[in-house]
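Colleague: I would like to go through the labels on this model one by one. Please give me the value and the cut-off each time.

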Amino acid sequence: MITLEVRRREFPTPGFACVTLGGPAVRDLVVAGNDQAVRLFFPREGQTGLRMPTVSNDAWIAQLLLWPKSTRPWVRNLTIRQARPADDEIDIEFALHGDSPMSAWARTAEPGTPAGIFDIGTMYRLPEQVDRQLLVGDESALPAVLSILDGTPPTLATEVYLEVPTRADIRAVETPAGVRVHWFSRDGADLRPGALLVAAVRDAALPSDRFYTWVAGESWLAATVRRHLVNDRGVAKRDISFFGYWRLGRAAPG
């Protein structure tokens, strides 16, 4: 369990916030890969401090649930966008969804506000001797995809499909020569999040030889893309990593 504090907050696009957390305890975090995930602990509205679990194993959940909500922090799973151990800092980017507790905190957290993290590892698993990859993600997976691209070598041919809420959330991304990024925006259309990505992947001219796929975001999106690749494209299940970060219509527990 690592306790830090907010150092600054920025808004890269209208639908995203980037919160920089810092403190000497950043040095206790071992970043294992480019989609390093953490559980983020942050105060509820009205709480002046942050009560963190005292155990650094799965028993923290039971400990947390024994506390009354008046002293219990919110907990959400997020990806570190960038880590700068030399500066004792990490950046965490948030897709802003309405007035959810996490979005409200990300919009308003001021320097000095406490926050904590607990390492939960990485999920990006590029097989050996694979020289092509497909990355697919909605707005909740955008920080992880961008972090993966930070570590993508020029020799790895990469097709990226990203969906964001509005055209204003599309941003310039510096990538190696072998990377092509395809952006899609819903722009207020009555579309299920991920529907544009599913259609794009179905229509894509994907490699006929072996490639690796990493897909994440709303649960239906991740499951549907995997099912299409396996059933319609003949992709081996072992070459697909898929993760449902959230489920439409269901709030995160807390």
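Colleague: Why does Gln129 count as exposed?

Modeller: This is a predicted model, to begin with. Gln129 has a relative accessibility of 82%. Exposed means over 50%. Therefore Gln129 counts as exposed. The residue sits in the loop between strand E6 (114-121) and strand E7 (132-137).

Colleague: What makes the phi of Gln129 worth a remark?

Modeller: Most residues other than glycine have a negative phi. Gln129 is not a glycine, yet its phi is positive, about 60 degrees. Asp187 is another case, with a positive phi near 50 degrees. Asp187 belongs to the loop between strand E9 (179-185) and helix H4 (195-203).

Colleague: Why is Asp187 called partly exposed?

Modeller: Its relative accessible area is 33%. Buried needs under 20%, exposed needs over 50%. The value for Asp187 falls in between, so partly exposed is the label.

Colleague: How do you know that Arg27 and Asp88 form a salt bridge?

Modeller: By the N to O distance, which is 2.8 Å for their side chains. The cut-off is within 4 Å, so the pair qualifies. The general idea is simple: side chains of opposite charge can pair when their charged atoms come close.

Colleague: What makes Arg27 and Asp88 a link between distant parts of the chain?

Modeller: They are 61 residues apart. Arg27 is in the loop between strand E2 (16-22) and strand E3 (37-42). Asp88 is in the loop between strand E4 (74-84) and strand E5 (89-95).

Colleague: Is Asp88 buried or exposed, and why?

Modeller: Asp88 is buried, because its relative accessibility is 10% and the limit is under 20%. Arg27 counts as exposed, at 59%.

Colleague: How do you know that Asp150 and Arg81 pair?

Modeller: Their side chains meet at 2.7 Å, N to O. That is within 4 Å, so this is a salt bridge. Asp150 lies in helix H3 (residues 142-150) and Arg81 in strand E4, so the pair ties together parts 69 residues apart in sequence.

Colleague: Why do Asp150 and Arg81 carry the labels they do?

Modeller: Asp150 has 47% relative accessibility, so it counts as partly exposed. Arg81 has 15%, so it is buried.

Colleague: What makes Glu89 a buried residue, and which partner does it have?

Modeller: Glu89 has 8% relative accessibility, so it counts as buried. It forms a salt bridge with Arg84, with the closest N and O atoms 2.9 Å apart. Both belong to a network of salt bridges that links Arg7, Arg8, Arg84, Glu89 and Asp91. The whole structure has 15 salt bridges.

Colleague: How do you know that the radius of gyration agrees with a compact globule?

Modeller: A compact globule of 254 residues would have a radius near 18 Å. The protein chain has 18 Å, so the two agree. Its C-alpha atoms fill a box of roughly 55 × 40 × 35 Å along the principal axes.

Colleague: What else describes the chain as a whole: which elements, and how many buried residues by percentage?

Modeller: The chain has five helices and 11 strands. Buried residues make up 48% of the 254. Of the contacts with a separation of 6 or more, 70% involve residues 24 or more positions apart. The accessible surface is about 12300 Å², 50% of it from carbon and sulfur atoms.

Key:
Residues numbered from 1 in each chain as written. Predicted model: local features only at pLDDT ≥ 70, side-chain atom pairs only at ≥ 80, totals over all residues. Heavy atoms only, no water. Helix = DSSP H or I, 4+ residues; strand = E, 2+ residues; numbered from the N terminus. Buried < 20%, exposed > 50% of the residue type's maximum accessible area, 1.4 Å probe, protein only. Rg over C-alpha atoms; globule rule 2.2 N^0.38 Å. Contact = heavy atoms within 4.5 Å. Areas by Shrake-Rupley, 256 points an atom, 1.4 Å probe, with all protein chains shown as cover.
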